[in-house]
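Please consult the sequence and the structure shown here alongside the text.

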Amino acid sequence: MPWPFAFDNSYARDLPGAYVAWPPARVPAPRLVFLNHELARELQLDPDALQGDTGAELFAGNRVPDGAEPIAQAYAGHQFGGFSPQLGDGRALLLGEVIDRQGRRRDIAFKGSGRTPFSRGGDGKAALAPMLREVLLGEAMQALGIPTTRALAVAATGEPVRRERPLPGAVLTRVAASHLRVGTFQYFAVRGELATLRRLLDHAIARHDPALAGVTDAGVRAFGLLRAVAERQAALLAQWMNVGFIHGVMNTDNMTISGETIDYGPCAFMEAYDPAAVFSSIDEGGRYAYGNQPAIARWNLARLAEALLPLVADGDDEAAVRAAVERATEVIDAFPALYREAWLRGQRNKLGLRSDDAADAALAEDWLALLQRQGADFTLAWRRLAEAAAGDEAPLRALLADPQAADAWLARWRARCAADDATAGGGAQERAERLRRANPFVIPRNHLVERALAAAQDDDDLAPFEQLLAALRRPFDETPTLARYGQPAPAAVTACYRTFCGT
Ligand code: AMP
Ligand code: MG
């Protein structure tokens, strides 16, 4: 069936040996459950032409569009610190790449499209609720201005998937800047397939760091890419941390070269501020706890560095290896400072500050410590700084166990705001406005996400999903109709909240 523009499949072309050509499974009764109109238009598709049966057949995988070359991509990965040399697309397929309206190359991929040679023991399928969850979380991140892969469509398959109990099945169509992962590099490095590894580096550079394309020195190319990934991940992690996002499964196969968030499995947004917060049922040791995420990103980058080393130094040349390790270490050691800079820039913005002061990091840290001690809702506490800026501290104090505990910090913040106004101009109302653009009111609250998914899964009722999605797309608005989307779950609900992987 025609796709309204040409696929141009550079991964399939550039990287033979890095994938297996594989068709999506046929499904019995496709039904289009979700179509992302805005994203469809961005991809130069006509959303109206994709409604109904056409879209259902297409997005369930029953009709492969012209020009698509479905492939299962190979990758490895460290999962919870342990290395799996072969993961790969066990329930996903890359259909191909398209160029969007802005000239950007985007991957179009399925998730839940059936078994592949990489499926190991899995069924290759996906259940409807986790795919809709991926829609909600991804669109929320997009609206918050955080780099992310996005959902183009979800098609129900009409086929049950066997989990703890039979669940309605679905296929997600995911759009990404690419699906290159740290684990993609690891796959070829660990096999000693250096020719493919080199082509992978070239491909990654062409896609994500074209400034390096003309460089011939192997070290500058490899460590240039490493540095660029470190910069993108530092910026991404800072954004995650500044909205209270917990990815939940930061394995090296779930960390992109592009710097986009990928794989909305067991992720969740934090409610009460707590650096030790973990929601994933399988993260028993808290490896991927909220506060550990920047350190894990650095650890993952070190794994990318290791995978790139054979391209720079021949293993038999000890001196060359030592020199290469040193250069890689420099990049990895620079990560905490890159992250810290990005984090502080974000914190200043969230505090309503435009100027820099040496004491800003301490001001931000003391604020977070206050939120933690007071058990305050992370999102609302930040949001209520807007009212405080405009002169009304009551809504903020109402979030704290001991409202007076904020006195000293608020006095410091006010003094800092006055100094900021003296440098950058503006006043209280203008700061309040700025704070409302920096600190979201609507995030995907776990209890609301679960309720919307349960309605879709158990009652075939998509209305709560659609209403929540609409609210998540306007995260900085605060209107009477949106009020209920801003409220935290009762603490008892949050305490018991667990998310699940790979469902
Ligand atoms: P994820 O937890 O989604 O990042 O997946 C980790 C690995 O497990 C990837 O190689 C997936 O393709 C594979 N996987 C997850 N769920 C399934 C499934 N139901 N069937 C086959 N492979 C799966
Ligand atoms: Mg994954």
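**Ligand 1 and its surroundings**

A nitrogen atom of ligand 1 is placed 3.0 Å from an N or O atom in the side chain of aspartate 123. The model is predicted: local features need pLDDT of at least 70, side-chain atom pairs count only at pLDDT 80 or more, and totals for chains, interfaces and linings use all residues. Side-chain values use heavy atoms, without hydrogens and water.

*Contacts of ligand 1*
- An oxygen atom of ligand 1 lies 2.7 Å from a polar backbone atom of glycine 90.
- For arginine 120, an N or O atom of the side chain is 3.0 Å from an oxygen atom of ligand 1.
- On its own, ligand 1 has 480 Å² of accessible area (Shrake-Rupley method, 1.4 Å probe), and the protein covers 86% of this area.

*The shell around ligand 1*

*Arginine 383*
- Arginine 383 belongs to helix H11 (residues 378–383), where helices are DSSP runs (H or I) of at least four residues, numbered from the N terminus.
- The side chain of arginine 383 reaches the backbone oxygen of asparagine 439 at 2.9 Å and that of arginine 436 at 3.1 Å.

Notes
Residues numbered from 1 in each chain as written. Chains lettered and ligands numbered in written order. Polar contact = N/O pair within 3.5 Å; in protein donor to acceptor, adjacent residues only side chain to side chain. Helix = DSSP H or I, 4+ residues; strand = E, 2+ residues; numbered from the N terminus.
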